[in-house]
Amino acid sequence: LYVEQQRVSAGFFRVLGAAPELGREFLPEEDVPGGPAVVILSHDTWRRVFGGDAHVIGRTVQLRGDSWQVVGVMPAGFRGTTDADVWTPLRPSTSGEGGGTNYQIVIRLPHGAVPDAITAQLRPALDPSLRERGLSDEVTATVTLVRFDETLRADMREVIVMLGAAAALVLVIACVNLAAMLLARGATRTREVATRMA
């Protein structure tokens, strides 16, 4: 069974204002290298794989050959930053792919916050991290704030374009068929029209 996995940090669901329907979200001690192998299921995955078993918390699932313990199930309709089927702890590290520079950060701004001011505060905070790893001369850190709903629309843009193109194609085919029917009908009435004109 293929599932889409997303690694997220402890507090990810809380920042999005969502809570698991069953169980709990990740704990800080689980979001560290070598931490416990725990997983949170999407509502659809819970229904599809476990048949909606209310006692799924504590059971184990196999992900890439490893056993992960289920600690939570998200409510129906929840969508994070991607269409994930399961979530596992991020366990941030400076080793591996990207060297720790390829993370996406989701923040909840206080009411009335000015995005430019927040950007100005976040940018200097990245410099010490880059210097610690000796990357300050190789990597340029940039901070760009994007509204969460805009990122969701960007993910859907390709799907919307494809649906629009399919609808346009169906409309063109319908118009061609209608034109062909009208031409055929006109051709069968040629003799009748000629007689009337005579």
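**Figure 1. Nonpolar surface patch including Leu122 in the predicted model.** In this predicted model, a nonpolar patch on the surface is formed by Ile105, Ile107, Leu109 and Leu122. Together, these residues have about 340 Å² of accessible area. Leu122 belongs to helix 3, which spans residues 115-132. Leu122 counts as partly exposed because its relative accessibility is 32%.

**Figure 2. Lining of the second largest pocket.** The second largest pocket holds about 230 Å³ of space. Its lining consists of Gln5, Arg7, Leu63, Arg64, Asp66, Trp68, Thr88, Pro89, Leu90 and Arg91. At least two lining residues come from each of strand 1 (5-8), strand 5 (66-73) and strand 6 (86-89). Sorted by class, the lining of this pocket comprises four charged, four nonpolar and two polar residues.

**Figure 3. Salt bridge between Arg24 and Glu30.** Arg24 and Glu30 are joined by a salt bridge in which the closest N and O atoms lie 2.7 Å apart. Arg24 is partly exposed, as its relative accessibility is 31%. Glu30, by contrast, counts as buried because its relative accessibility is 4%, and the cut-off for a buried residue is under 20%.

**Figure 4. Salt bridge between Arg59 and Asp53.** A salt bridge links the side chains of Arg59 and Asp53, with an N to O distance of 3.0 Å. Arg59 has a relative accessibility of 38% and therefore counts as partly exposed. Asp53 is likewise partly exposed, because its relative accessible area is 24%.

**Figure 5. Salt bridge between Arg79 and Asp83.** The side chains of Arg79 and Asp83 meet in a salt bridge at 2.7 Å, N to O. Arg79 has a relative accessible area of 23%, so this residue is partly exposed. Asp83 is exposed, because its relative accessible area is 52% and the cut-off for an exposed residue is over 50%. Side chains of opposite charge can pair when their charged atoms come close. The structure holds four salt bridges, among them the Arg79 and Asp83 pair shown here.

**Figure 6. Secondary structure surrounding the close-up views.** The protein contains six strands and five helices. Along the sequence, these elements follow the pattern β-α-β-β-α-β-β-β-α-α-α. Of the 198 residues in the protein, 24% are buried.

Note on methods
Residues numbered from 1 in each chain as written. Predicted model: local features only at pLDDT ≥ 70, side-chain atom pairs only at ≥ 80, totals over all residues. Heavy atoms only, no water. 1 Å grid on protein atoms, 1.4 Å probe; cavity = no way out; pocket = protein on both sides within 12 Å on 5 of 7 lines; lining within 4 Å. Points joined across faces, edges and corners; volume = space filled by probe spheres on them. Helix = DSSP H or I, 4+ residues; strand = E, 2+ residues; numbered from the N terminus. Nonpolar A, V, L, I, M, F, W, Y, C, P; charged D, E, K, R; others polar. Patch = residues over 30% accessible without salt bridge, like charges linked within 9 Å, V, L, I, M, F, W, Y side chains within 5 Å. Areas by Shrake-Rupley, 256 points an atom, 1.4 Å probe, with all protein chains shown as cover. Buried < 20%, exposed > 50% of the residue type's maximum accessible area, 1.4 Å probe, protein only.
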